[in-house]
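Q: Hi! Could you walk me through this structure in plain words?

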Amino acid sequence: LLSFKPEAQNKALRKASVSSILRDEKRAAEDEIHVKPAEIQRLPRFMQEKQMTGAQILMECLTEQGVDTIFGYPGGTILNVYDELYNYESEGRVKHILTAHEQGASHAADGYARATGRPGVCLATSGPGATNLVTGIATAFLDSVPMIALTGNVANTVIGTDGFQEIDITGITLPITKHNYFVSSIEDLADTIREAFKLAASGRP
């Protein structure tokens, strides 16, 4: 979008063609990140765009935390994350292991953490996808294995209405987790992910 001063807006719109508007917008974007046009294509995708989605924030925070492997199974409310995950995988930034069942993903993440000493990460959709992680989460908790389980959820407007594939997964897993989070605002997402990894890697996992 372009921002004009009120007194100049009408005059500018009359004179500017579509091509000149696009050209000015591109030049402004290049100036903002202080790179030459040829260098823009080498930047990570999220830096080429003006605003990050929740899926981009999640994936960028995971790679920031050193995550190189994610175990999971896709489903309805997590598909936007999988779209971004496959982009990161195609760029060689992270590897996704598709399991036959969400429970397999949680056990695989548990095994990864035991083998590497780093937090294992598993990914599932809401409702039955989330509940299928429970046995693996309990195993990791009781054996003090650092693991991060990420699940999608229904829209905020549907929370508490017994909507399709809605389940109180934070309530279900409260007795078998070191800590859990319900993130309802995208503004809290990055800090929550960082805090989760810090807690998983400190003290008793």
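A: Happy to. One term to begin with: two strands pair if DSSP finds at least two bridges between them. Also keep in mind that this is a predicted model.

Q: Thanks. Which way do strand E1 and strand E2 pair, parallel or antiparallel?
A: They pair in the parallel sense, over four bridges. E1 covers residues 69-72 and E2 covers residues 95-98. The chain goes from E1 through helix H6 (residues 79-90) to E2, and this β-α-β crossover is right-handed.

Q: Which residue stands opposite Thr69?
A: Lys95 in E2 stands opposite Thr69.

Q: Let's zoom out. How many helices and strands does the protein chain have?
A: Eleven helices and four strands. The protein chain has 205 residues, and 35% of them count as buried. Among contacts between residues at least 6 apart in sequence, 70% join residues at least 24 apart.

Q: Okay, charges now. How many salt bridges are there?
A: The count comes to six. One of them joins the side chains of Arg93 and Glu60, at 3.2 Å from N to O. That pair links distant parts of the chain: Arg93 is in the loop between H6 and E2, Glu60 is in helix H5 (residues 54-64), and 33 residues separate them.

Q: What does Asp68 form a salt bridge with?
A: Its partner is Arg118, and the closest N and O atoms are 3.2 Å apart. Asp68 sits in the loop between H5 and E1 while Arg118 sits in the loop between H7 and E3, so this pair ties together parts 50 residues apart in sequence. Both count as partly exposed: Asp68 has a relative accessibility of 32%, and Arg118 has 36%.

Q: And where do Arg114 and Asp110 lie?
A: Both are in helix H7, four residues apart, which is about one turn of the helix. As background, an α-helix has 3.6 residues a turn, so residues three or four places apart point the same way. Asp110 is buried, with a relative accessible area of 5%, whereas Arg114 is partly exposed at 45%. Elsewhere, salt bridges that share partners join Glu64, Asp191 and Arg194 into one network.

Q: Which other residues is Glu102 in contact with?
A: Leaving aside neighbours within four places in sequence, Glu102 contacts Tyr73, Ala124, Gly129 and Leu133, along with Asn132.

Q: New topic: is Gly120 buried or exposed?
A: Gly120 is buried, with a relative accessible area of 0%. This glycine lies in strand E3 (residues 120-124). Not counting residues up to four places away in sequence, Gly120 touches Ala109, Tyr112, Ala113, Pro146, Met147 and Ile148. The C-alpha atoms of Gly120 and Asp68 are separated by 9.6 Å, though the two are 52 residues apart along the chain.

Q: One more helix: which residues of H9 are buried?
A: Gly136, Ile137, Ala138 and Ala140 are buried in H9, which spans residues 134-142. The buried residues of H9 pack against H7, strand E4 (147-151) and helix H10 (169-173).

Q: What follows H9?
A: Ser144 does, and its phi is positive. The value is near 55°, in a residue other than glycine. Ser144 lies in the loop between H9 and E4 and counts as partly exposed, at 26% relative accessibility.

Methods. Residues numbered from 1 in each chain as written. Predicted model: local features only at pLDDT ≥ 70, side-chain atom pairs only at ≥ 80, totals over all residues. Heavy atoms only, no water. Contact = heavy atoms within 4.5 Å. Buried < 20%, exposed > 50% of the residue type's maximum accessible area, 1.4 Å probe, protein only. Helix = DSSP H or I, 4+ residues; strand = E, 2+ residues; numbered from the N terminus. Right-handed = clockwise from strand over helix to strand, strands pointing away. Salt bridge = Lys/Arg side-chain N within 4 Å of Asp/Glu carboxyl O.
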